[in-house]
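Subject: Structure handover

Hi,

Here is the structure I promised to pass on. Have a look at it first, and my notes on what turned up follow below.

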Amino acid sequence: MQKLREVCSTNRIPLTFDEVFSGFRLAPGGAQEYFGVQADMVVYGKSVAGGMPIGVVCGKKDLMRRFDPEHPMRIAYVIGTFSAHPVVMGAMNEFLHWLLRPVTPELYTEAQRRCAQWVRSTNESLSQLALPVRVMNFATIWTVLFKEPGRYNWLLQYYLRAEGVILSWVGTGRCMSSLDFYPSKIIMSCRRKQSEPHKR
């Protein structure tokens, strides 16, 4: 990322971070803080408003200017169904204030530690069972990786759902663990589902 920043700066190319999905998952300052790289423009989605529908574009002044200096009346209007909606603005305000709390970085560190610990223990179990599947993570974002091609790999989600575990609907998923993610909760939840009779 540092090299990309250098190339963009040298060639006067705006470096844009698309964080619509990752949002502020990597650090309180998002990917810029995590990688130590300042982007020229960053795009955020619902993550900045606690899941409420919103799109946010942040950038340097010359990139964010909404009019043509040579034609001042040529303005780029920004409109939308949820533009400046009070509920969305309120949720975003609360989230951004939460990011600035002194304790927030510690919560990120702990959440990433718990997710990494769960990934390690899960992969150890999968390895002991000689199953060709692993769990991979990047901070608190994780996915399922098949180590061998197979025509029935897609059935994994079907069988997990039958046991009460639901993954993302996109392939093996780009799944995320929340701040209240604890491996013991997952295990207890799965055991409880197994003990319940299947309803048809």
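Predicted model: local features only at pLDDT ≥ 70, side-chain atom pairs only at ≥ 80, totals over all residues.

The residues lining the second largest pocket divide into nine nonpolar, eight polar and two charged. Residues are numbered from 1 along each chain as its sequence is written, and side-chain values use heavy atoms, with hydrogens and water left out.

Back to the pocket. Its lining has 19 residues, and Ser 22, Phe 24, Arg 25, Ser 47 and Met 176 are the ones nearest the centre. The volume comes out at about 470 Å³. For the method: on a 1 Å grid over the protein atoms alone, a pocket is an open set of points where a 1.4 Å probe fits, with protein on both sides within 12 Å along at least five of seven lines, and lining residues have an atom within 4 Å of a point. Grid points are joined across faces, edges and corners, and the volume is the space filled by probe spheres set on the points. H4 and H5 each supply at least two lining residues, and H5 gives the largest share, three residues. (Helices, H or I with at least four residues, and strands, E with at least two, are DSSP runs numbered from the N terminus.)

Next, the aromatics. The whole structure holds ten aromatic pairs, where rings of Phe, Tyr and Trp (its six-membered ring) pair if their centres lie within 6.5 Å; planes under 30 degrees apart are stacked, over 60 edge-to-face and the rest tilted. Trp 98 and Tyr 108 have ring centres 6.2 Å apart and planes at 35°, so this pair is tilted. The two sit in distant parts of the chain, ten residues apart, with Trp 98 in helix H4 (residues 86-99) and Tyr 108 in helix H5 (residues 104-128). Trp 98 is buried at 18% relative accessible area, and Tyr 108 is buried at 10%. The classes here are buried under 20% relative accessible area, exposed over 50% and partly exposed in between, with a 1.4 Å probe and protein chains only.

Then there is Tyr 158 with Tyr 159, an edge-to-face pair at 5.2 Å centre to centre and 80° between the planes. Tyr 158 counts as exposed at 54%, and Tyr 159 is exposed at 52%. Ring pairs also link Phe 24, Tyr 44, Phe 95, Trp 98 and Tyr 108 into a cluster. Phe 24 from that cluster turns up again among the residues nearest the pocket centre.

Two side chains make polar contacts with backbone oxygens. Arg 114 is in helix H5 and is buried, at 6% relative accessible area. A polar atom of its side chain lies 2.7 Å from the backbone oxygen of Phe 181. Ser 9, in helix H1 (residues 2-10), is partly exposed at 44%, and its side chain reaches the backbone oxygen of Arg 5 at 2.9 Å. A polar contact is a pair of N or O atoms within 3.5 Å; within protein, one must be able to donate a hydrogen and the other to accept it, and residues adjacent in sequence count only if both atoms are side-chain atoms.

Strand E6 (residues 133-138) and strand E7 (residues 141-146) pair in the antiparallel sense over six bridges; pairing takes at least two DSSP bridges. Arg 134 has Leu 145 as its bridge partner in E7. Strand E4 (residues 67-68) pairs with strand E5 (residues 71-75), also antiparallel, over two bridges, and Phe 67 is partnered by Ile 75 in E5.

Last, some backbone angles. Most residues other than glycine have a negative phi. Ala 139, in the loop between E6 and E7, has a positive phi near 60° and counts as buried at 9%. Ala 130 has a positive phi near 55°; this residue is in the loop between H5 and E6 and counts as exposed at 64%.

Cheers

Methods: Nonpolar A, V, L, I, M, F, W, Y, C, P; charged D, E, K, R; others polar.
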